[in-house]
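I hope they are handy to have beside you as you look it over.

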Amino acid sequence: SIQLHLFGDASEKAFCAVVYFRCAYPGGRRKSAFEAAKTRVASVKLISIPRLELQATVLSVRLACMADRT
């Protein structure tokens, strides 16, 4: 089976997202592979951390859609 794992995080200065594929092979062997990552600089205007975390989540979903097309 193949699973898509998304990770997103944010700080006052930037937010980012990363996508990994996790493959499970017969016999119990597993392998993870880096697929893509994106980083954005936070706005100079003061934005709350929860709002930046939400932007990281949106970036993760967009990155997953892009990875799913390949």
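**Notes on the fold**

1. Let me start with a turn. In the hairpin of strand 2 and strand 3, which has five residues between the strands, Gly27 adopts a positive phi near 95 degrees. Strands here are DSSP runs of E with at least two residues, helices are runs of H or I with at least four, and both are numbered from the N terminus.

2. A word on the source: this is a predicted model, in which local features need pLDDT of at least 70 and side-chain atom pairs count only at pLDDT 80 or more, while totals for chains, interfaces and linings use all residues. Residues are numbered from 1 along each chain as its sequence is written, and side-chain values use heavy atoms, with hydrogens and water left out.

3. Now the pairing, for which DSSP must find at least two bridges between two strands. Strand 2 and strand 3 (residues 30-41) run antiparallel and are joined by eleven bridges; in this pairing, Val19 stands opposite Ala36 of strand 3.

4. On to the other hairpin. Strand 1 (residues 2-10) pairs with strand 2 (residues 14-24) in the antiparallel sense over nine bridges, and three residues lie between these two strands. His5 has Tyr20 in strand 2 as its bridge partner.

5. Along the sequence, the pattern of the chain reads β-β-β-α. The chain is more spread out than a compact globule, because its radius of gyration is 15 Å, well over the 11 Å that the globule rule gives for 70 residues. That radius is taken over C-alpha atoms, and the rule is 2.2 Å times the number of residues to the power 0.38. Taken along the principal axes, the C-alpha atoms fill a box of roughly 50 × 20 × 15 Å.

6. How much of the chain is buried? Buried residues make up 21% of the 70 residues, where buried means under 20% relative accessible area, exposed over 50% and partly exposed in between (1.4 Å probe, protein chains only).

7. Finally, a residue to look at: Arg40, placed in strand 3. Arg40 counts as partly exposed, because its relative accessibility is 39%. Leaving aside residues up to four places away in sequence, Arg40 touches Ala14, Phe15 and Leu59, a contact being heavy atoms within 4.5 Å. The C-alpha atoms of Arg40 and Lys13 are separated by 8.9 Å, with the two residues 27 apart along the chain.
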